[in-house]
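Please look at the sequence and the model shown here, and keep both in view while you read the explanation that follows.

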Amino acid sequence: MMSFVPLLLVGILFPAIPAKQFTKCELSQELKALDGYRGISLPEFICTMFHSSGYDTQAIVENKGSTEYGLFQISNKHWCKSNQIPQSRNICDISCDKFLDDDITDDIMCAKKILDIKGIDYWLAHKALCTDNLEQWLCEKL
């Protein structure tokens with residue numbers, strides 16, 4: 001019983017961030033509005049997100065002194081604010097931890113800014129893995 005109390009306190013003081021592990025079809029539905037944005041097809045987005053985060057909203061990757069967050073792997077170096085890099089440009093005007101929950105509305109808004117400024121090749125997986133044979137990234141349920 002004694003070990004249960006500290007665990008309970010941790011759960012109360014630090015509630016879990018709701019996260020989502022999307023399937024290809026679920027993500028296709030969520031990103032439908034991005035289809036054709038800046039000339040990028042939905043299968044290209046789905047492929048890129050698979051190779052960037054594995055469709056996991058809680059994916060965090062350390063990358064040469066910066067950290068990339070969430071489904072779109074958005075870097076705290078330029079796009080969002082974190083304690084790790086307080087001098088971040090924070091172009092998306094958002095805290096990086098907002099990219100770790102299951103509401104991807106703000107993630108999509110920031111991804112659009114990235115696309116407007118840097119283009120799809122901001123995500124390195126796109127050019128290397130998501131320009132050919134995109135049929136496999138289609139979801140028949142749409």
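Glu62 stands opposite Thr67 of strand β2. Residues are numbered from 1 along each chain as its sequence is written, and side-chain values use heavy atoms, with hydrogens and water left out. This is a predicted model, in which local features need pLDDT of at least 70 and side-chain atom pairs count only at pLDDT 80 or more, whereas totals for chains, interfaces and linings use all residues.

Strands here are DSSP runs of E with at least two residues, helices are runs of H or I with at least four, and both are numbered from the N terminus; two strands pair if DSSP finds at least two bridges between them. Strand β1 (residues 60-63) runs antiparallel to β2 and is joined to β2 by four bridges. Two residues lie between these strands in their hairpin, where Lys64 takes a positive phi near 50 degrees. On the other hand, β2 is joined by two bridges to strand β3 (residues 74-75), again in an antiparallel arrangement, and Tyr69 has Ile74 in β3 as its bridge partner. The hairpin of β2 and β3 has four residues between the strands, and Gly70 takes a positive phi near 75 degrees there.

In a regular strand the side chains alternate between the two faces of the sheet. In β2 (residues 66-69), Ser66 and Glu68 on one side and Thr67 and Tyr69 on the other are all buried, where buried means under 20% relative accessible area, exposed over 50% and partly exposed in between, with a 1.4 Å probe and protein chains only.
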